[in-house]
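Please read the following account alongside the sequence and the coordinates.

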Amino acid sequence: MNMEINSIYYDKKNNANKYLIGLLVGGAAFVLLSVIYLLSGKLALSVKYPDLIEITEDSNEYYQLLSVVQFLYQVPLVCFFIFLFGDDLKKELIDLKNNKKYLLYIVIGLVSCLVLTALMSIVYELFGIVDTSENQETIDKALVGSGGVFMALSVALTAPFVEEMIFRKSFCDTLKYKFNVKDVITIILSTFLFSFVHVASIDNLIFIFQYIPLALVIVLSYYFTKNIYVSIGIHLLNNVISLVATYLLLFYG
């Protein structure tokens with residue numbers, strides 16, 4: 001087992017520059033593509049709705065645009081990460097097939113996420129905070145709009161893959177194998193960076209703790225298994241359950 005771990009370490013150490021490229025290019029594209037698609041989307045809407053004076057954040061057109069944009073800008077990122085990390089993805093898929101215990105780790109991780117998130121919600125309620133983050137409110141509104149199917153695809157499929165490629169595969173492996181940052185520091189930074197990005201604004205910083213349970217469980221799962229499919233599996237299933245719960249609450253709550 002130690003020989004296997006050492007083999008993984010030196011293999012990733014030799015490919016440290018690849019993780020750095022994934023972090024820099026993938027991170028920049030994550031921001032840049034979202035801006036490009038948003039601006040082009042607004043232009044398209046102005047053509048489609050010439051009488052629309054302004055696309056406000058409370059309009060149905062805005063949430064339709066947001067749903068399509070979020071899905072579309074993630075598609076090139078999916079292709080980029082598959083191209084860049086193709087060898088890693090193949091090796092870790094074989095590793096996943098040969099280690100059935102990873103499926104148990106996914107289940108344990110998922111249950112841990114759900115339990116810790118529920119406990120965090122109780123803590124928020126104890127402090128009289130019953131609202132949710134701006135990011136979650138935006139997703140909820142987009143899901144029930146005319147472009148809701150694109151938001152659902154993003155939440156359930158593309159977002160878990162892209163975010164794991166950035167915050168785990170690229171970020172964690174760059175810090176560990178390129179800059180030799182201690183594991184505990186890498187885990188903390190990955191957890192808070194992922195959570196902060198999902199808060200959406202400084203005004204919503206109080207809601208960062210809503211995302212910390214998921215972020216912490218996922219980064220620990222990647223740290224212990226060295227397999228990105230484990231973290232993707234936990235992230236994806238957590239999002240699917242959240243998606244189903246959101247639909248049930250919005251339509252039947």
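Lys 226 is partly exposed, with a relative accessible area of 23%; on this scale buried means under 20% relative accessible area, exposed over 50%, and partly exposed in between, with a 1.4 Å probe and protein chains only. The model is a predicted one, in which local features need pLDDT of at least 70 and side-chain atom pairs count only at pLDDT 80 or more, while totals for chains, interfaces and linings use all residues. Residues are numbered from 1 along each chain as its sequence is written, and side-chain values use heavy atoms, with hydrogens and water left out.

Lys 226 belongs to the loop between H9 and helix H10 (228-252), where helices (H or I, at least four residues) are DSSP runs numbered from the N terminus, as are strands (E, at least two). Its phi is positive, near 60 degrees, in a residue other than glycine. Most residues other than glycine have a negative phi. A second case is Asn 180, which is not a glycine either and has a positive phi of about 55 degrees; Asn 180 is placed in the loop between helix H7 (148-178) and helix H8 (183-199).

H9 is mostly covered, with 10 of its 14 residues buried, among them Ile 212, Leu 214, Val 217, Ile 218 and Tyr 222. Tyr 223, by contrast, is partly exposed with a relative accessible area of 27%, and Phe 224 is exposed at 64%.

How are the rings of Tyr 223 and Phe 224 arranged? Their centres are 4.9 Å apart and their planes stand at 70 degrees, so the pair is edge-to-face; rings of Phe, Tyr and Trp (its six-membered ring) count as a pair if their centres lie within 6.5 Å, and planes under 30 degrees apart are called stacked, over 60 edge-to-face and the rest tilted. The ring of Tyr 223 also has the charged end of Lys 226 over it, 4.9 Å from its centre, a contact that requires NZ of Lys or CZ of Arg within 6 Å of the ring centre and within 35 degrees of the ring normal. Elsewhere, the charged end of Arg 168 sits over the ring of Phe 194, at 4.8 Å from its centre.

The structure holds 10 aromatic pairs. One of them, between Phe 81 and Phe 85, is stacked, with 6.0 Å from centre to centre and 5 degrees between the planes, and both of these residues are buried. Phe 81 and Phe 85 are also members of one aromatic cluster together with Tyr 19, Phe 80 and Tyr 177.

Turning to charged side chains, the whole structure contains 6 salt bridges, each being a side-chain nitrogen of Lys or Arg within 4 Å of a carboxyl oxygen of Asp or Glu. Lys 169 is bridged to Asp 88, with the closest N and O atoms 3.5 Å apart, and this pair links distant parts of the chain, Lys 169 being in helix H7 and Asp 88 in helix H4 (residues 86-98), 81 residues apart. Lys 169 is buried, with a relative accessible area of 0%, and Asp 88 is buried at 7%. Glu 92 forms a salt bridge with Lys 169 as well, its closest N and O atoms being 2.4 Å apart; Glu 92 lies in helix H4 and Lys 169 in helix H7, so this pair ties together parts that are 77 residues apart in sequence. At 6% relative accessibility, Glu 92 counts as buried.

Within helix H7, Glu 164 and Arg 168 lie 4 residues apart, about one turn of the helix, and form a salt bridge whose closest N and O atoms are 2.8 Å apart. Both Glu 164 and Arg 168 are buried. Salt bridges that share partners join Lys 18, Asp 88, Glu 92 and Lys 169 into one network.

Val 111 is placed in helix H5 (residues 101-126) and is partly exposed, with a relative accessible area of 45%.
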